[in-house]
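I opened a new structure today and kept notes as I went. Here it is, followed by what I looked up.

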Amino acid sequence: MTNQSSREPVQEFTPRRGLGYVQAAFADVCEGVKLFPLALTLGWMDIKLRYRGSVLGPFWLTLSTIVMIIAMGLLYGYLLTASLREYLPFLSLSLVLWGYFSSIINEAAGIFSQGKAVLHARRTPITLMVLRFVVRQVLVACHNLVVVLVVFAIFRIVPHHTWLVILGVIIALFDSLAISFAVGILGARFKDISPVSSAVMQVLFFVTPVIWKPELVSWGRQYLLLDPFYPILEILRAPLLGGEVPPLFIEVAFLQAVILGGLSLVLFSRMRARIAYWV
């Protein structure tokens, strides 16, 4: 007879309840983080496959960014009567940062729909797909940062308080992961999330200080903090342009990160097991 201790352990399929949802979510995150080198490789391969057969590859995005900065810089610099030496570095950095955040939100709704073949084929950590998506967006943003470096070199812009930039990058990456989880799950469940997010981002582009400086608002400037993108943009942008960041901006950015993290944790814990059925 076979010894009872040598048998394979019996898997339990008892439905999880309460903290069991949270424990399963944390386990998924831990498995995904362990596979981060794989996410890095997959994100890079996504970019190579997207531009396979192209001459410039992802640098087409860089070229389009250059054209947009020159066109908008000359036009809005004239309309706002701003000095090009001050306005072009501001505009180039703002457009690159905004392009990163808008790509995260606009494309996050399709994270799990695009990876449904993997979800249906084998057990894969959901976190791996989110990391792969964020890695791809970061790599694309790095291509566009080349334009910012060139503009800064031309106008001799010297950054200050670089430790704030590092803090801002950490907060931005955390926000990116939280938004990707939340929007990705909602996008898998509700197919209307993608057009809604695109419409909202188009409105926020003109409301947020991206193509115009916040100093132009003479009354009610404090209400700009209600804009979810303004604090993190200012933390990343002001030190690189040689400006100061008020402590209130850092506090608001931390509060937003906590809210986004809590929301994504709740959604991920409750809906993680259903994503494969929705897509």
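Predicted model: local features only at pLDDT ≥ 70, side-chain atom pairs only at ≥ 80, totals over all residues.

I started with Ile70, which counts as partly exposed because its relative accessibility is 48%. My scale: buried is under 20% relative accessible area, exposed is over 50%, and partly exposed is in between, with a 1.4 Å probe and protein chains only. Ile70 sits in helix α3. For helices I use DSSP runs of H or I with at least four residues, for strands runs of E with at least two, both numbered from the N terminus.

Residues are numbered from 1 along each chain as its sequence is written, and side-chain values use heavy atoms, with hydrogens and water left out.

Which residues form the nonpolar patch on the surface? I found Trp60, Leu63, Ile66, Val67, Ile70, Leu74 and Leu84, with about 620 Å² of accessible area together. Helix α3 (residues 59-79) supplies the largest share, six residues. A patch takes residues with over 30% relative accessible area and no salt bridge; like charges are joined within 9 Å, and nonpolar side chains (Val, Leu, Ile, Met, Phe, Trp, Tyr) within 5 Å. A salt bridge puts a side-chain nitrogen of Lys or Arg within 4 Å of a carboxyl oxygen of Asp or Glu. Areas come from the Shrake-Rupley method with a 1.4 Å probe; for residues, only the protein chains shown count as cover.

**Entry: the whole chain**

I counted twelve helices and zero strands in the protein chain. Its C-alpha atoms fill a box of roughly 90 × 45 × 35 Å along the principal axes. Of the 279 residues, 44% are buried. The chain exposes about 16300 Å², and carbon and sulfur atoms supply 68% of that.

**Entry: the core**

I then went inside. The largest nonpolar core has 69 residues. Leu95, Trp98, Phe101, Phe112, Ile211 and Phe229 have the most contacts inside it. α4 (84-108) is one of the elements that give two or more residues to this core, and α4 gives the most, 14 residues. Such a core joins buried Ala, Val, Leu, Ile, Met, Phe, Trp, Tyr and Cys residues through side-chain atoms within 4.5 Å.

I checked Phe229. Leaving aside neighbours within four places in sequence, Phe229 is in contact (heavy atoms within 4.5 Å) with Trp98, Phe101, Ile105, Met201, Leu204 and Thr208.

**Entry: two buried polar side chains**

Glu234 lies in helix α10 (residues 230-240). I list Glu234 as buried because its relative accessibility is 12%. The side chains of Glu234 and Arg237 make a polar contact of 2.9 Å. That term means N or O atoms within 3.5 Å; within protein, one must be able to donate a hydrogen and the other to accept it, and residues adjacent in sequence count only if both atoms are side-chain atoms.

Gln256 is in helix α11. Gln256 is buried because its relative accessible area is 17%. Beyond four places in sequence, Gln256 contacts Leu225, Asp227, Pro228 and Pro231.

**Entry: Arg156**

Last, I looked at the loop between α7 and α8, where Arg156 is placed. Is Arg156 buried or exposed? Arg156 counts as exposed, because its relative accessibility is 71%. Arg156 is not a glycine, yet has a positive phi of about 55°. Most residues other than glycine have a negative phi.
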